[in-house]
Amino acid sequence: MKSFLKATIAALTLGATALPAIAQAQPGTILVLDASGSMWGQIDGVNKIAIAREVVADILADFPKDQNLGFVTYGHRERGQCSDIQTIIEPAPGTASEIIEIVNELTPRGMTPMTDAVIAAAQALRHTEQPATVILVSDGIETCNPDPCAAARTLEQAGIDFTAHVIGFDVQDEPEALLQMQCLAGETGGRFLTADNAQELSEALQQVVAAPVSMVLDDPQPDPAQATVSAPAQIVVGSAFAVTWEAEGLNPRDYVTIVPAGAKDGSYTNYDRVKDKAEASLRAPAEPGLYEVRLQTEGDSRVLAITPVEVVDVDVTVSAPAKVVVGSVFPVSWVAEGLHPRDYVTIVPAGAKDGAYTNYYRMEGKTEGRLRAPAEPGLYEVRLQMEGSGRVLATTPIEVTDVDVTVSAPAEVLVGSQFAVTWAAEGLHPRDYVTIVPAGAKDGSYTNYDRMEGKTEGQLRAPAEPGLYEVRLQMEGSGRVLATTPVEVLEGNVTVSGPNRVRAGTEVALGWTGAIYSRDYITIVPAGAEDGQYAGYIRVESATEGKMKAPAETGLYEIRYHLEGSNRVMARAPLEVLAADAPMDDGAGLVVPATGKPGETITVTWTGGADSADQRVTLARADQADFVWIHAESAIGRNSLEMTLPDAPGTYEVRFLDINARSVLGRSIVEVQP
């Protein structure tokens with residue numbers, strides 16, 4: 001399970017009554033950034049820590065220089081320590097650029113004491129006795145504090161005015177993390193949002209990072225009598241709706257927001273800053289009722305203009321099959337006019353708490369989508385829920401049923417071999433898969449695998465070590481084992497062979513028996529090299545012999561048969577690599593001058609041979625095949641002969657051949673030089 005991502009951005013805001021032209025305590029902010037090991041994870045190919053650096057830099061680039069800003073991080077110094085929390089920058093004005101530099105140098109390492117880090121940040125500003133607003137961006141579950149919700153309640157009970165807005169980032173498959181985040185936001189009066197990619201995360205951060213703060217404004221304020229704000233008289237719960245305004249002399253950080261009718265001045269929910277615009281979009285609350293859209297000032301929170309809005313429910317229905325198979329993909333349709341495109345359908349256990357969800361599908365202007373059934377059979381509900389609030393607008397019951405599943409494989413296979421697997425499994429997800437694991441391995445374990453993808457058979461590769469194993473059909477995501485069959489992996493009987501000695505850089509003839517897998521390979525490595533090392537190699541494929549080039553350096557080597565995909569060596573044979581011009585003898589005792597001139601006659605002698613009736617001494621180019629020559633003479637009945645060298649300079653070889661046995665009993669290089 002992942003840990004908490006990116007950033008916990010703590011904006012602990014000081015609320016002060018505005019006194020014209022008198023300096024008040026400036027708002028204070030503490031940024032709490034996750035630097036735990038999971039930050040090396042990737043989203044769309046980019047490390048989370050890199051995304052965090054960019055997001056933090058963007059946020060702090062416009063941070064007011066006269067406001068206090070501090071920095072806390074955790075998980076950046078050591079692994080496995082929940083106490084690895086550090087306040088690096090105490091809150092002070094003008095620290096944004098320094099914090100950006102520090103964030104750029106962080107190296108994620110350890111645990112995720114997210115809750116304790118947020119508590120530390122809140123307590124750091126407790127002396128101000130002002131409200132603290134924490135913005136938490138999380139991609140997983142707290143790894144140190146067993147109950148973040150209880151910790152939030154403790155802060156409240158201790159008198160720390162603490163609000164947490166929580167953004168769940170890429171957490172659709174982590175129900176426990178979702179519950180923690182929803183609870184943390186709910187217990188502190190904050191909002192819970194989700195984001196599934198970088199763009200959605202950016203949009204969510206824009207909503208909550210720059211929450212309106214109370215501060216002193218020395219500039220002349222706009223006249224409320226000259227300001228107007230307009231919005232639809234009636235809107236649907238959770239929908240996005242347009243807001244327009246007219247007002248002279250606005251501060252770009254003034255904003256429009258929607259609040260319950262009669263709410264206290266300065267109250268806000270979601271909002272949009274006026275900047276240099278005259279229109280914006282807000283999101284309707286999740287509950288129907290009477291509300292007000294307000295144009296409010298940043299700082300003293302004066303209400304400049306107001307218009308009434310009624311938020312109404314809408315007839316919503318959701319439909320799904322009455323029964324689906326565990327893990328399967330099934331269609332869902334809905335009727336829901338006017339809702340927000342980020343509202344979604346999801347499947348949860350029957351009776352689950354409102355806002356709970358597993359995998360989900362956003363509406364986004366469509367009327368149908370697809371969900372994946374849970375891994376466990378039982379009674380569930382398909383729900384249409386509102387983004388952020390989790391309010392359930394419609395529900396339909398659904399039963400998730402098991403299915404008869406079988407998987408078959410050979411009872412015995414050789415180490416490293418490829419073998420066939422078949423299965424019967426109607427209605428399962430195409431990404432469910434078969435795999436082979438040690439007998440008794442934990443559910444969800446896997447090695448190499450083959451996805452079902454509408455097939456009924458596939459291929460697996462046996463492990464490199466002999467023993468008792470199981471072929472399993474498992475569910476994607478949950479790892480639930482639906483079917484299993486035992487397989488014994490047997491040792492292979494492989495041999496590899498080659499010459500005992502070769503000259504450096506020359507071609508080496510190799511042979512092997514008992515080949516297991518076509519992509520296994522033969523290689524030549526220095527004697528004593530670690531198993532799994534290789535230089536050049538040839539695949540065994542369907543052959544029993546092949547050729548390689550000998551290493552360029554002299555010394556002792558090994559010819560090895562390697563299993564593809566593992567470091568296991570199934571067979572090995574010794575090989576000595578001699579100098580490129582070294583004489584080689586296998587019983588002939590051949591003696592040849594090392595050099596000679598073109599056309600010169602040299603004397604060749606030998607002391608041994610074989611019992612064969614056809615033995616010859618030949619002269620060949622050094623690159624010619626062993627039994628191809630320029631000149632040959634019989635060696636029977638004598639132990640020397642005179643041989644005339646070619647007229648063309650070059651490298652030649654004198655060979656003593658046993659023709660009947662097709663063997664080379666001796667060879668020696670002679671250089672013909674002008």
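A residue counts as exposed when its relative accessible area is over 50%, and as buried when that area is under 20%. The model discussed here is predicted.

- Most residues other than glycine have a negative phi.
- Glu541 sits in the loop between strand 38 (537-539) and strand 39 (545-549).
- Its relative accessibility is 57%, so Glu541 counts as exposed.
- Glu453 also has a positive phi, near 45°, and is not a glycine either.
- The loop that holds Glu453 runs between strand 30 (449-451) and strand 31 (457-461).
- Glu453 has a relative accessible area of 51%, which makes this residue exposed. The cut-off is over 50%.

- Helix 2 covers residues 96-105, and its buried residues include Ala96, Ile99, Ile100, Ile102 and Val103.
- Why do they lie on the same side of helix 2? They cover an arc of only 165° around the axis.
- An α-helix has 3.6 residues a turn, so residues three or four places apart point the same way.
- Ser97, Glu101 and Glu105 are exposed, and they are carried by the face turned away from the buried side of helix 2.

**An open three-stranded sheet**

- Strands of a sheet pair through backbone hydrogen bonds, either parallel or antiparallel.
- Here three strands form an open sheet, in the order 18-20-23, with antiparallel pairing.
- Which strands are at the edges? They are strand 18 (317-319) and strand 23 (368-372), each of which pairs on one side only.
- On average, neighbouring strands of this sheet are turned by 30° against each other, direction ignored.
- Strand 20 (residues 329-335) and strand 23 run antiparallel and are joined by five bridges.
- Ser333 has Glu368, in strand 23, as its bridge partner.

**Ile30 in strand 2**

- Strand 2 spans residues 28-34 and contains Ile30.
- Is Ile30 buried or exposed? Its relative accessible area is 1%, so Ile30 is buried.
- Ile30 and Leu69 are 39 residues apart along the chain, yet 5.6 Å separates their C-alpha atoms.

How values were computed. Residues numbered from 1 in each chain as written. Predicted model: local features only at pLDDT ≥ 70, side-chain atom pairs only at ≥ 80, totals over all residues. Heavy atoms only, no water. Buried < 20%, exposed > 50% of the residue type's maximum accessible area, 1.4 Å probe, protein only. Helix = DSSP H or I, 4+ residues; strand = E, 2+ residues; numbered from the N terminus. Arc of directions from axis to C-beta. Pairing = 2+ DSSP bridges. Axes fitted to C-alpha atoms, helices over the stretch in contact; angles between N-to-C directions.
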